[in-house]
Amino acid sequence: MNYQTDRPIYLQVIDDIRQKLIRGEITPGEKLPSVRELAQQYQINPNTASRVYKEMERSGICFTRRGMGTFITEEDTMMKQIKSEMAAECLDSFLQTMQMMGFRLEDMIQMLTERYEEGREDNS
């Protein structure tokens, strides 16, 4: 994974795990790698990997069973919330950038619609 210098690494790892959840690469109830394995997988310090799990647990994405490991929550509402939060983050970034470039909402909607239609044609 290529890390951005303007954001803490642990947040970038959490985002990557959240994206994997949304794509179905990680499923609700699935056991996550140990802290040491996560550190190796993402090439990060074990303390950073530990912070990843602490933050994810604090936000309800995962839970720890003593002696068994860390698991992804099985709550449907949490999965919907993660998807909604990530969509909002993408939209906020998009809107902020487009507004800085001077685009109006109508322009953005038209451009999005055209781009979406092009993508549908390419996948046909």
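This is a predicted model: local features need pLDDT of at least 70, side-chain atom pairs count only at pLDDT 80 or more; totals for chains, interfaces and linings use all residues.
I started with a charge over a ring (NZ of Lys or CZ of Arg within 6 Å of the ring centre and within 35 degrees of the ring normal). The charged end of Arg-51 sits over the ring of Tyr-10, 3.9 Å from the ring's centre. I also found Arg-65, whose charged end sits over the ring of Phe-71 at 5.1 Å from its centre.

Residues are numbered from 1 along each chain as its sequence is written, and side-chain values use heavy atoms, with hydrogens and water left out.

Next, aromatic pairs. Rings of Phe, Tyr and Trp (its six-membered ring) pair if their centres lie within 6.5 Å; planes under 30 degrees apart are stacked, over 60 edge-to-face, and the rest tilted. I got one aromatic pair. Phe-63 and Phe-71 make it, stacked, with 5.8 Å centre to centre and 20° between the planes.

Is Phe-71 buried or exposed? Phe-71 is buried, at 9% relative accessibility. Phe-63 is partly exposed, with a relative accessible area of 25%. My cut-offs: buried is under 20% relative accessible area, exposed is over 50%, and partly exposed is in between (1.4 Å probe, protein chains only).

Then the core. A nonpolar core is a set of buried Ala, Val, Leu, Ile, Met, Phe, Trp, Tyr and Cys residues joined through side-chain atoms within 4.5 Å. The largest one has 22 residues, and Ile-17, Val-52 and Met-56 have the most contacts inside it. α1, α2 (35-42), α3 and α4 each give two or more residues to this core, and α1 gives the most, with five. Helices here are DSSP runs (H or I, at least four residues), strands are E runs of at least two, and numbering goes from the N terminus.

Last, pockets. On a 1 Å grid over the protein atoms alone, with a 1.4 Å probe, a pocket is an open set of points with protein on both sides within 12 Å along at least five of seven lines; lining residues have an atom within 4 Å of a point. Volume is the space filled by probe spheres set on the points.

The largest pocket comes to about 220 Å³. Of its 16 lining residues, Ile-14, Arg-18, Ser-59, Ile-61 and Glu-85 lie nearest the centre. α1 (9-23), α3 (46-58) and α4 (76-100) each supply at least two lining residues.

The second largest pocket is about 160 Å³. Its lining includes Tyr-53 and Thr-70, and α3 gives the most to that lining, with four residues.
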